[in-house]
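Hi,

Here is the structure I said I would pass on. Have a look at it first, and my notes on what turned up follow below.

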Amino acid sequence: MPFPNVSELRPSFVLASVPGPEAQAWMAVLLCCAYGLALAANCAVLLVVRLEPGLHAPMYFFLCMLAAIDLALATSTVPRALSFYWFGAREIGFGACLLQMFLIHSLSAVESTVLLAMAVDRYVAICHPLRHAAVLGGAAATKVGLAAVARGVLFFLPLPLLLLPLPFCGSRELSHSFCLHQDVMNLACANTTPSVVYGLTAILLVMGLDALLICLSYLLILKAVLRLAAWKERLKVFSTCIAHICVVLAFYVPLIGLSVVHRFGRDLAPLVHVTMGNIYILVPSVLNPIIYGVRTKEIHRRLLSLI
């Protein structure tokens, strides 16, 4: 059999866009506004925690990690999407696509791990408050952050490596405004079973396992809260978890929605795929700092004083 040529092994992919110039203009405006809001809000959280000595605690360290991840995730995708909405540059090189794909999946894994660490922090603070400082001190929080980064890199680095030798000889138009593993993999004209199996395994062992452990943490928290006698005490204790629950939902609901669209929505309009992809990238980046800025009095107060 003849060897595939260079254009088949190292193709340029075409990023998807919404049909119609008017829809593209509106999408560009929405992306630009959402990206600007994500930059401003997450940078504000980082600045507030950095300047306020009273916020130098594990919970706020994890919050800073969350803000940094959201900044990196949005910056790795939105500027490239805006470049073709504004300048018509729809093609993305093979190497750039694989790098973007790795960043999206690995950063999502790191964010999932940080959300799990924040759930454990809430569990220890509510169920074992006397051991909170010993279990989740500054050194322990730093180790958790490093472990989250290492976990994301190790689990999702094989994804682009498995796609690297595959030929792409058919359509090269993606379903989203950025590169995702399943989207790129479906364009390969070769056996993708190893990539399918490993991708599903990595998702289940990282995001799936984290979601189960977060649910378990909140079941234990709920059990401890229900032991309290007064309803006011129950509400006061559980209210410290509201912000984290909202952030978890803002991360996992778009992730599940995007997975469902990939699995069952192949016949849906391109607008649905592009919109779901942008929601998956931008909703957590925009909502996370706003949720914690509103729910956390210390951040709220310090931010107002800075303004």
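Helices α5 and α10 run roughly parallel to each other. This is a predicted model, by the way, so please read everything here as computed from it. The α5 helix covers residues 94-127 and α10 covers residues 193-226. Their axes sit 9 Å apart and the packing angle is about 15 degrees, which is under the 35 degrees that counts as roughly parallel. As for handedness, α5 and α10 cross in the left-handed sense. If you sort the residues of that α5 and α10 contact by class, you get 17 nonpolar, five polar and two charged.

Is Ser 217 buried or exposed? Its relative accessible area is 9%, so Ser 217 counts as buried, the limit being under 20%. Setting aside the neighbours within four places in sequence, Ser 217 has Ala 119, Val 120 and Tyr 123 as its contacts.

The crossing of α3 past α13 is left-handed. On the α3 side, the contact is made by Met 59, Leu 63, Leu 66, Asp 70, Leu 73 and Ala 74. From α13 come Ile 281, Leu 282, Pro 284, Ser 285, Asn 288 and Tyr 292. By class, that contact has nine nonpolar, two polar and one charged residues.

Now for the chain as a whole. How many helices and strands does the protein chain have? The secondary structure comes to 14 helices and two strands. The radius of gyration is 21 Å, close to the 19 Å that the globule rule gives for 307 residues, so the chain is as compact as a globular protein of that length. Along the principal axes, the C-alpha atoms fill a box of roughly 70 × 40 × 35 Å. Of the 307 residues, 46% count as buried. And if you take the contacts between residues at least 6 apart in sequence, 81% of them join residues at least 24 apart.

Cheers

Methods:
Residues are numbered from 1 along each chain as its sequence is written. This is a predicted model: local features need pLDDT of at least 70, side-chain atom pairs count only at pLDDT 80 or more; totals for chains, interfaces and linings use all residues. Side-chain values use heavy atoms; hydrogens and water are left out. A crossing is left-handed if the near helix is turned anticlockwise from the far one by less than a right angle, and right-handed if clockwise. Helices (H or I, at least four residues) and strands (E, at least two) are DSSP runs, numbered from the N terminus. Contact means heavy atoms within 4.5 Å. Ala, Val, Leu, Ile, Met, Phe, Trp, Tyr, Cys and Pro count as nonpolar, Asp, Glu, Lys and Arg as charged, and the others, Gly among them, as polar. The radius of gyration is taken over C-alpha atoms; the globule rule is 2.2 Å times the number of residues to the power 0.38. Buried means under 20% relative accessible area, exposed over 50%, partly exposed in between (1.4 Å probe, protein chains only). Axes are lines fitted to C-alpha atoms, for helices over the stretch in contact, and angles run from 0 to 180 degrees between N-to-C directions. Angles under 35 degrees count as roughly parallel, over 145 as roughly antiparallel, 65 to 115 as roughly perpendicular and the rest as oblique.
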